[in-house]
Amino acid sequence: MALLKIAKLGNPILRQIAKAVDLNELVDPESELQTFIDDMIETMHHEGGVGLAAPQVNQSIQIVVLEYAENKRYPGEISIPLTVLINPVLSDYSKETKEGWESCLSLVDFRGLVPRSTTITLNAYDRNGRKIQKTVSGFEAVVLQHEIDHLQGYVFIDRMKDFTKLSYQEEFEKFWVKKEETPS
Ligand code: NI
């Protein structure tokens, strides 16, 4: 396994539409693609991210990994088990939206207040090529919308409605997080 280099905002790969994965490439557990998925997971853990999309590690293909268990950047959110999504598609975006402060390993010093649908439907495959279909809400729905946006060439600031709520992490902690919620 290996740590992968993170593409930061300004790298054109973050603005490309990622290619669909050929599911046949998932069959061999020793394949390059399966190793790449392991590397994505290792990199997400190493960087302390809640999710990572393949374009963020310089591969313009439709793979997303996510996991959340006690992350200082998002205190108090409900856990998300380790999930690998191949060719994920979201639909049935709820009209109801909720704003939350997001950050991104590709815009690592920034936080922004982003409105997201509270409920969505996910269609995807897992790393064994098995079909996944589920309706998701809460924090997991936010993470999925953020990560799957990366596969379409969007980053969270594109979804912001009010740029007065774009902040450096340092100032976010000073001015926008209540004292008791400040990550420590
Ligand atoms: Ni991101």
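Biologist: Which residues line the second largest pocket?

Modeller: Rolling a probe the size of a water molecule over the atoms shows where empty space is left. A pocket is an open set of points on a 1 Å grid over the protein atoms alone, where a 1.4 Å probe fits, with protein on both sides within 12 Å along at least five of seven lines; lining residues have an atom within 4 Å of a point. Here the lining consists of L90, Y93, T97, P115, R116, S117, Q145, I148, D149, R159 and K161. Strand 5 and helix 2 are the elements that give two or more residues to this lining. This is a predicted model, in which local features need pLDDT of at least 70 and side-chain atom pairs pLDDT 80 or more, while totals for chains, interfaces and linings use all residues. Residues are numbered from 1 along each chain as its sequence is written, and side-chain values use heavy atoms, without hydrogens and water.

Biologist: Which element supplies the largest share of the lining of the largest pocket?

Modeller: Helices (H or I, at least four residues) and strands (E, at least two) are DSSP runs, numbered from the N terminus. Helix 2 contributes eight residues, the largest share. Among the 42 lining residues, Y74, E77, G100, W101 and F139 are the closest to the centre of the largest pocket.

Biologist: Which residues coordinate the nickel ion?

Modeller: Donors are N, O and S atoms within 2.8 Å of the metal (3.2 Å for Na, K and Ca); water is not among the atoms, so sites may look incomplete. C104 (SG), H146 (NE2) and H150 (NE2) coordinate the nickel ion at 2.1 to 2.2 Å. H146 and H150 are separated by about one helical turn because they lie four residues apart in helix 2.
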